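Dear colleague,

I am passing on the structure we spoke about, and my notes on it follow below. Please read them with the model open beside you.

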Amino acid sequence: MTNSRQHQNPSHSSSTIPPSASSSSSTSATGTARDRLTSLSSHIMGSNGSASVFTPAAVAAAPEDPLFGLMKAYREDPFEKKVDLGIGAYRDNNAKPWILPVVKKADHAIHNDPTLNHEYLSISGLAEFTSAAQKLVVGAESPAIREKRICTLQTISGTGAVHLGGLFLAKFHPAQPKPTIYLSNPTWANHNQIFTNVGLPIATYPYFSAKTKGLDFDGMIGALQAAPTGSIILLHACAHNPTGVDPTQEQWKQIAAVMRERHQFPFFDTAYQGFASGDLVRDAWAIRYFVEQGFELCVAQSFAKNFGLYGERTGAFHFVSAPGADASTAIQHIASQLAILQRSEISNPPAYGARIASKVLNDPQLFAEWEEDLRTMSGRIQEMRRGLREQLEKRGTPGSWEHITSQIGMFSFTGLNENQVKILRDKWHVYMTKNGRISMAGLNTNNLEYFAEAVDSVVRETS
Ligand SMILES: Cc1ncc(COP(=O)(O)O)c(C=O)c1O
C-alpha cells in the first residue's frame with residue numbers, strides 16, 4: 001500500500017522524507033528500513049506496484065509446438081538446398097504455396113460483388129455454405145438430409161469443428177461418468193489437446209504397424225471390441241494424419257460392424273476430402289457408409305487443404321441423429337445447444353473463406369474446376385510418391401519402400417527413426433517431424449533426388 005501510494009504521489013513521499021536528510025545517521029537508519037520495506041514490497045507486489053498472481057513459478061513455460069518450432073528452424077537455415085517436409089500445407093513444384101485457380105476466380109467475383117458487406121454472419125454461419133458443406137460430406141441424396149436429421153454449423157476450420165464437437169459431447173453426453181474418446185495411435189497431435197481441454201477422458205487404439213508400415217487392423221479391431229460400450233471413437237475419414245494409412249472399404253465395414261455391436265459413437269475427422277485421392281466421393285466413402293448404416297455420429301470438416309484456404313479458417317461441424325421417430329426433434333435440440341456453445345466460444349464464424357467455398361460449391365461450373373484443381377494437387381503428390389519409391393529402390397536403399405506408394409494423402413510415415421531424422425536435419429538440412437513423418441507436398445522434381453540421396457545415406461549409415 002505504502003509503496004503504491006508513493007508511486008501515485010511522488011511529491012507527497014519526497015516531502016515526508018527529504019533527500020537531504022539521508023546524510024544524517026538517524027535518518028540513514030530510517031532510510032535503510034525504508035529501502036528494505038520497498039524491496040520487500042516490490043518483491044511481493046512487482047516493481048510497478050501491481051501484485052502478480054501469474055508468476056513464472058505459477059505458470060510454467062509451455063514446450064514449443066514441435067511443428068512450428070521445426071518451421072522456424074527451417075526458415076533460419078541459410079543452406080541453399082534445405083528441404084521442408086514438416087508442415088502439412090500443399091506446395092507446388094517450386095515449393096511455393098499454391099492458390100487454387102478456382103479460388104482466385106471466386107475471390108475475384110466476391111471482391112467485385114457490390115452487395116457484400118462486413119456484417120456479422122449468423123451464429124451457425126453462412127447458410128449457403130453450411131448446406132453445401134453438408135451435401136459434400138454425406139452426399140446430396142443422403143438419408144440424413146432427406147429425413148432432416150443432420151445439423152451443421154460453420155466453424156473455425158477443422159480444429160474449431162473438432163473442438164465444438166468435443167465440447168458438445170463433454171457437456172451433453174448423458175452417460176456418467178463421461179465416455180472415453182478413443183484416438184488412433186498415432187493421431188494428429190492436436191486431438192489429444194482438444195479433447196483434454198474439454199474434459200473428455202482419452203484412450204488410444206492401435207493403428208499403425210511398424211512392421212508392415214500399414215494398418216494394424218487386428219490391433220484396431222481388438223481394441224474396439226475391448227473398449228466399453230458407448231465409447232466415442234475418433235476416426236480419420238481419409239488420408240490419416242500422420243501415417244497416410246487408411247482402412248480399405250472392406251475393413252471399414254468390419255470396423256462399423258464392431259462399433260454397431262458395441263454401441264460406439266463415431267466421431268469422424270475429415271480434413272482431406274478430395275485432396276487424398278482426387279475423388280470427392282471416394283474420400284467420403286467411410287462417412288457415407290456409416291450414415292447409411294444408421295449410426296448416430298458427428299463429423300468435423302476442414303476446407304483448409306482441399307481449397308488451400310489454410311489461413312481463412314473455413315470448416316463445418318455436422319451432427320447426424322440416428323433414424324427414428326424423434327430424430328428430427330432431437331436434431332433441432334442438438335442444433336440449438338450447439339448454437340449456444342458456438343455463441344459463447346466465437347459468437348459467429350468468419351465470413352471470407354466460407355464465401356469463397358460457398359461460391360465454388362454452389363456453382364456447377366466452378367465445382368467442376370475445383371475438382372480439376374483437386375486432381376492437380378493429389379496427382380502431383382502421387383507422382384512424388386512414385387518418384388521417391390523409385391529413387392530409393394534404384395539406389396538399393398536397405399528396407400522396403402512399397403509403403404511410400406500404398407500410403408495416401410499429404411503425409412507418409414517413412415519408418416525412419418528419431419536418430420535418422422536427426423541426422424537428416426543436422427547433416428542434410430532436411431526438416432521433418434521426429435516420428436518419421438514427411439509431408440509429401442514438400443517434395444518436388446527439384447529436391448526429390450537430393451532427398452532420396454540423403455535418406456539412402458542415412459539409412460546405410462545407421463543400419
Ligand atoms: C486430421 C486433421 N484434423 C484436423 C485438422 C485441422 O486443420 P485446420 O484447423 O487447419 O482445418 C488437420 C490439419 O492438419 C488434420 O490433419
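Which helix gives the largest share of the shell around the ligand? That share, three residues, comes from helix 8 (residues 157-172), where helices are DSSP runs of H or I with at least four residues, and strands are runs of E with at least two, both numbered from the N terminus.

Please bear in mind that this is a predicted model, in which local features need pLDDT of at least 70, side-chain atom pairs count only at pLDDT 80 or more, and totals for chains, interfaces and linings use all residues. Residues are numbered from 1 along each chain as its sequence is written.

The ligand is surrounded by 13 residues, the closest being Ser 157, Gly 158, Thr 159, Asn 241 and Ser 302, and a residue counts as near if its C-beta atom, placed from the backbone, lies within 6 Å.

Turning to the sheet, seven strands form an open sheet with mixed pairing in the order 2-10-9-8-7-3-4, two strands being paired if DSSP finds at least two bridges between them. Strand 2 (150-156) and strand 4 (202-206) stand at the edges with a single partner strand each, so one side of each has no neighbour in the sheet. Strand 8 (residues 265-270) and strand 9 (residues 297-302) run parallel and are joined by four bridges, and Phe 268 stands opposite Val 299 in strand 9.

With kind regards
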